[in-house]
Amino acid sequence: MSNSTFVLDNGAYTAKVGLVPNCIMKAKSERRRPFVGSQIEECRDASGLFYILPFQKGYLVNWDVQKTVWDYIFSKECCLVNLNQLSVIVTEPLFNFSTVQEAMMEIFFEEYECQSLLRINSCTLSCYQYKTENPNTKCCIVVDSGYSFTHIVPYVNDTKIKEGIRRIDVGGKLLTNHLKEIISYRQLHVMDETYVINQVKEDSCFVSQEFFKDMETAKNKIENNPIIKDYVLPDYTTLRRGFLKNPEPPNEQQTLRLSNERFAIPEILFFPSDVGIRQMGIPEAIMDCLKACDEETWPHLLSNIILTGGNAKFPGFQERIYKEVRSLAPAEYTINVYLPENPVTYAWQGGKTLSKDSIFSNLLVTREDYEEEGQNLCFERFDV
């Protein structure tokens, strides 16, 4: 929150106001009780935890779940805010459906009675934050690799070039599901363990800089193999989150032995065809998005590539994007790939910064405007 503005970056996996899981969670061990947000800490056994998500394939479809999460966010338990005295910035996906946009407006103005509202894409907020940090920048490419999709969005003079937007149907959810399948096939049935395997992915995976060389290393015996690690699974009595360690002989702790899946899983971001998705990987999509923009903008776009979203946190992700874009781009252009300190909250930070800008009030639709002119004004005002 900033001054009298509440910033809600409403992602498909986490709603950023602080990081709140954007879902209701239920555990096999406590079927009757739903967990929202930090209530998950009260769950005695998070193995077999399953998500009831408001988003499917990147778009909001389950309003009951979303409303439950929003009610929690604005409650005493989480943020304790009274929206009728606040301006709200809320993010939505690119090319969102107008019916979803209308329902969002209704909920925020009629149920939460917020004072004024800005509906905006998270990529635009990331671009704004980057330009605030780098005032001379005229152009940038935002690579937003989140839970459902990866989007590549070019901006020229604060305007997104819609013809240049590229979407890859690979996000964190697909990577977690693929890891579940590999582990279930190789060693232990974990198809019902989405919550735990998502943590395994976050704690264990990295992006290879030389895929085939790492594949050869992964075949070596343990003593000559830095890639093989054991992941100690949580038991939810002494250990609530697992951890990675060097391989040891079996003991009483339940472990997963991880080898080439540690880097083969994030590789899908670079080669979606590995899992049957006939689309280009991120570096090729960056170059393809470039071709939809005027040629004089190319050097400026390539020197300002911003990585956001949860997948940008994989170790080696930034270096690999740089290396591959460098090999695809004309030699005379400078390539610069920027990884924010926290790529997950970078758009939220942009919203916070925007709320202090003198132009902010011109972007908002007030409750009075909405009551007078309705949805049409929102569609005119918000460029999404």
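Analyst: Happy to. Let's begin with Arg-320, which lies in helix H10, residues 317-328 (helices are DSSP runs of H or I with at least four residues, numbered from the N terminus). This is a predicted model, where local features need pLDDT of at least 70, side-chain atom pairs count only at pLDDT 80 or more, and totals for chains, interfaces and linings use all residues. Residues are numbered from 1 along each chain as its sequence is written, and side-chain values use heavy atoms, leaving out hydrogens and water.

User: Is Arg-320 buried or exposed?

Analyst: Buried means under 20% relative accessible area, exposed over 50%, and partly exposed in between, using a 1.4 Å probe and protein chains only. Arg-320 counts as buried because its relative accessibility is 5%.

User: Which residue has Arg-320 over its ring face?

Analyst: A charge sits over a ring if NZ of Lys or CZ of Arg is within 6 Å of the ring centre and within 35 degrees of the ring normal. Arg-320 lies over the face of Phe-270, 4.3 Å from the ring centre. Elsewhere, the charged end of Arg-167 is placed over the Phe-149 ring, 3.9 Å from its centre.

User: How many aromatic pairs are there in the whole structure?

Analyst: Rings of Phe, Tyr and Trp (its six-membered ring) pair if their centres lie within 6.5 Å; planes under 30 degrees apart count as stacked, over 60 as edge-to-face and the rest as tilted. The search finds 18 aromatic pairs. One is Trp-63 with Trp-70, edge-to-face at 6.3 Å centre to centre and 65° between the planes. Trp-70 is buried at 0% relative accessibility, whereas Trp-63 is partly exposed at 23%.

Technical notes. Helices (H or I, at least four residues) and strands (E, at least two) are DSSP runs, numbered from the N terminus.
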